[in-house]
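Here's a walk through one protein chain, from the overall layout down to single side chains. Have a look at the structure first, then read on.

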Amino acid sequence: MKGRRSLSTIALMVSMWIVASGISTAATDTKSIVIKAKVEKVAKVIVDTNTITFPNMDPDETRQVPAIPNDIKVIVKVRTGSTSPINLNIIADGDLASGSDTIPVQNVVWQASGQGFMSGTLSKSTVQTAGSWKGSGVREGVFRYYLNNSWNYQKGEYQVTVTYTLTTP
């Protein structure tokens, strides 16, 4: 018992000495910062090829000529509002032309696969919807182009430019 009293007395004396001498056991200070991130709208469309070719084929044997290459990967990347509409559109700048000879561009059709991507027919006068979604994200699809074959086409090397446009308001 005497040993415990001595120990208690020593602890009390040390505590009083610490308080009396102004020594504190800890000092703290805190500061806060606010973290901000500015996120703007961004829209990007990636098409994995810039040229397709329809080879010559007999119209009696092949009604729709598949393009080469014919699995065209299209990637749509959009950062926008959670319910904002997103549209992928396609339009041709004219008919397929070889000198003064033409093949009406509406003879080119595409089949699309992938969530939100749509199949359709090319037009030079009306924008065609090729995909539609809501909200931010990355969407991947595959397009396959076909030329409706005909005996009425004149020989030649035809071409037209097709433009994909990705929009979000």
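What follows starts with the ground rules and then moves from the whole chain to individual residues.

## Ground rules

This is a predicted model, so to speak of local features a pLDDT of at least 70 is needed, side-chain atom pairs count only at pLDDT 80 or more, and totals for chains, interfaces and linings use all residues. Residues are numbered from 1 along each chain as its sequence is written, and side-chain values use heavy atoms, with hydrogens and water left out.

## The chain as a whole

Reading along the sequence gives α-β-β-β-β-β-β-β-β-β-β-β.

Of the 169 residues in the protein chain, 27% are buried. Buried means under 20% relative accessible area, exposed means over 50%, and partly exposed is in between (1.4 Å probe, protein chains only). The accessible surface of the chain is about 11900 Å², and 53% of that belongs to carbon and sulfur atoms; the areas come from the Shrake-Rupley method with a 1.4 Å probe, and for residues only the protein chains shown count as cover. As for contacts (heavy atoms within 4.5 Å), take those between residues at least 6 apart in sequence: 74% of them join residues at least 24 apart.

## A cis peptide bond

Which peptide bond is cis, with omega near -10°? The one from I68 to P69. P69 sits in the loop between β2 (64–66) and β3 (72–79).

## R139, a buried arginine

R139 belongs to strand β10 (residues 137–148). R139 is buried yet has no salt bridge, and the nearest side chain of opposite charge, E140, is 11 Å away. For charge, Lys and Arg count as positive and Asp and Glu as negative, while His and the chain ends are not counted.

What does the side chain of R139 reach instead? Leaving aside neighbours within four places in sequence, R139 is in contact with V74, I75, V76, I86, Q115, F117, W133 and K134.

## Aromatic rings

There are six aromatic pairs in the structure. Rings of Phe, Tyr and Trp (its six-membered ring) pair if their centres lie within 6.5 Å; planes under 30 degrees apart count as stacked, over 60 as edge-to-face and the rest as tilted. The pair of W110 and Y145 is tilted because the ring planes are at 45°, with the centres 6.3 Å apart. W110 lies in strand β7 (residues 108–113) and Y145 in strand β10, so this pair ties together parts that are 35 residues apart in sequence.

W110 and Y145 are both buried. Ring pairs also link W110, F117, W133, F143, Y145 and Y164 into a cluster.

## Q128 in strand β9

Q128 is found in strand β9 (residues 128–134) and counts as partly exposed, at 21% relative accessibility. The Q128 side chain has a polar atom 3.0 Å from the backbone oxygen of T126.

Leaving aside neighbours within four places in sequence, Q128 is in contact with L88, N89, I90, W110, T121 and S123. Q128 and A92 are 36 residues apart in sequence, and their C-alpha atoms are 9.5 Å apart in space.

## Salt bridges

Side chains of opposite charge can pair when their charged atoms come close. How many salt bridges does a search of the whole structure find? Five, where a salt bridge is a side-chain nitrogen of Lys or Arg within 4 Å of a carboxyl oxygen of Asp or Glu.

One of them joins K73 and E140 at 3.4 Å, N to O. K73 lies in strand β3 and E140 in strand β10, so the pair ties together parts that are 67 residues apart in sequence. K73 is partly exposed at 36% relative accessible area, and E140 is partly exposed at 45%.

Another joins D29 and K31 (3.6 Å, N to O), and both of those residues are exposed. E40 and K38 also meet in a salt bridge (3.6 Å, N to O); E40 is partly exposed at 46%, whereas K38 is exposed at 73%.

Technical notes
Helix = DSSP H or I, 4+ residues; strand = E, 2+ residues; numbered from the N terminus. Polar contact = N/O pair within 3.5 Å; in protein donor to acceptor, adjacent residues only side chain to side chain.
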